[in-house]
Amino acid sequence: MISRPVGALSGRIVTPGDKSISHRALILGASAVGETTVSGLLEAEDVLATATALRALGADCTRSGGQWRIHGRGVGGLAEPDRVLDMGNSGTGARLLMGLVASHPFTTFFTGDASLRGRPMRRVIEPLAEMGAAFWSRSNGRLPLAVRGAVEPLAIDYTQSIASAQVKSAIMLAAMNTPGHTSVVEPARSRDHTERMLTHFGADVSFVDAPDGGRTITLVGQPELGGCAVEVPGDISSAAFPLVGALIIPGSRLALVNVGVNPLRTGLIETLQEMGGRIEAVDARELSGEPVADLVVEAGDLVGVDVPAERVPRMIDEFPILAVAAACARGRTRMSGLGELRVKESDRLAAMVEGLVACGVNAEAGPDWIVIDGVGGALPGGARIRARHDHRIAMAFLVAGAAAREAVAIDDGSAIATSFPGFCALMNEVGADMSEAGA
Ligand code: S3P
């Protein structure tokens, strides 16, 4: 795919549904008694893989008239799947479902694409094994793996060593069919969509905040979850791409409609505002227990900043596109505490540096940090980037091309469909020029 430099982005984009919340709406719908309706579900490959897996576990998930309907089996009511669950590219789908089945007394097999088969699963295997599940994985805790769920699951108090919403959520989903109180202590707060949605479905979830920024979350096991209506807000991690495009392409003004602004997801907005970015949240409201707003963005000069490590969990997926904003800013941007980026859909630190350097920007990374010397305006561009089958690397460099002096190409844009189907068409509607290379 190729993205050519353009004049300005302007107009209005309705942000596609939040990926994290979409997975959780399907999973809790499948665990509730009665019908759950979901509107605004993200119909992207990752979420559709979760829907397919839940069908194999016995829950009825169908799309009708723009809404999704799920007939749940009740907590603990899922059935052994008669096939391997292929979670595609989705770490969230794989880890959350491993948690869900860990407290069901049957065996489930998981696999995924080449990227997912290379990602670490010990972080979920360890706590779920403490709860009584047994695992057979490839070496180093990689997929494919089999889970034999506990017949009599045990409630645990688990202190996380990394701030991971996926690990926290896997434990809480296993805890649903576990008698007693299960607690997770998180060292730094990560996205709380599971906690919010459990509450929305009627579970008893409580919190104790620690003075150092951590939190203990406790779920009372075996709740009666009732089917309900869920409205999924737009995904701030998807809105991030047009948002940064509008900040760095002179003359742009864009409205991003219906964006989820959960404070545990808004680290990118804070960082861009510190860099001088003009972003305004208007019409703040709430959808199914999640805060939502429209974001109005205007282009302007950006300056480099230091991004504090403690902000990382609140913007974990936004570093590839922040790197593009930093490349256009005046001065140096330093980001630290980024070790987790090495084990996302690709090694994102390596991908960011390789892509920026190819685009003529000075950038350097260490084990868990990156430094970018912004050029203070349009970045040179004129490069072909290896997207490493990573949706966020692909979209970040397509946005870079729109803001560059010369076009930027990526080797493969197919991964974009995992989180943002129709990305290029939507960007082109507001003024971008993204197409199949050679078209
Ligand atoms: C997610 C949590 C994050 C994020 C991922 C989605 C979730 O991963 O990177 O895209 O939905 O819980 P970690 O919690 O493992 O950092």
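Predicted model: local features only at pLDDT ≥ 70, side-chain atom pairs only at ≥ 80, totals over all residues.
Residues are numbered from 1 along each chain as its sequence is written, and side-chain values use heavy atoms, with hydrogens and water left out.

**Exercise 1.** Find how far an oxygen atom of the ligand is from a side-chain N or O atom of serine 20, and do likewise for arginine 24 and lysine 344.

*Solution.* 
- Step 1. For serine 20, the distance from a side-chain N or O atom to a ligand oxygen is 2.7 Å.
- Step 2. A polar side-chain atom of arginine 24 is 2.7 Å from an oxygen of the ligand.
- Step 3. For lysine 344, a polar side-chain atom is also placed 2.7 Å from a ligand oxygen.

**Exercise 2.** Describe how domain 1 and domain 2 meet.

*Solution.* 
- Step 1. Take the bounds, which come from an automatic or database domain assignment: domain 1 is 2-17 + 233-435, and domain 2 is 19-231.
- Step 2. Count contacts (heavy atoms within 4.5 Å): 28 residues of domain 1 touch 29 residues of domain 2.
- Step 3. Take the buried area (accessible area, 1.4 Å probe, lost on putting two parts together and summed over both): about 2400 Å², with 49% on carbon and sulfur atoms. Leu264, Ser288 and Thr418 supply 24% of what domain 1 buries against domain 2, more than any other three residues.
- Step 4. Count salt bridges (a side-chain nitrogen of Lys or Arg within 4 Å of a carboxyl oxygen of Asp or Glu): there are three between the domains.

**Exercise 3.** Locate the backbone exceptions at proline 144, aspartate 283 and histidine 389.

*Solution.* 
- Step 1. Recall that most residues other than glycine have a negative phi, and most peptide bonds are trans.
- Step 2. The bond from leucine 143 to proline 144 is cis, with omega near -5°. Proline 144 belongs to strand E9 (residues 142-148); strands are DSSP runs of at least two residues and helices (H or I) of at least four, numbered from the N terminus.
- Step 3. Aspartate 283 has a positive phi, near 55°, and sits in strand E16 (residues 278-287).
- Step 4. Histidine 389 has a positive phi of about 50° and lies in the loop between strand E22 (379-385) and H12.

Note on methods:
Polar contact = N/O pair within 3.5 Å; in protein donor to acceptor, adjacent residues only side chain to side chain.
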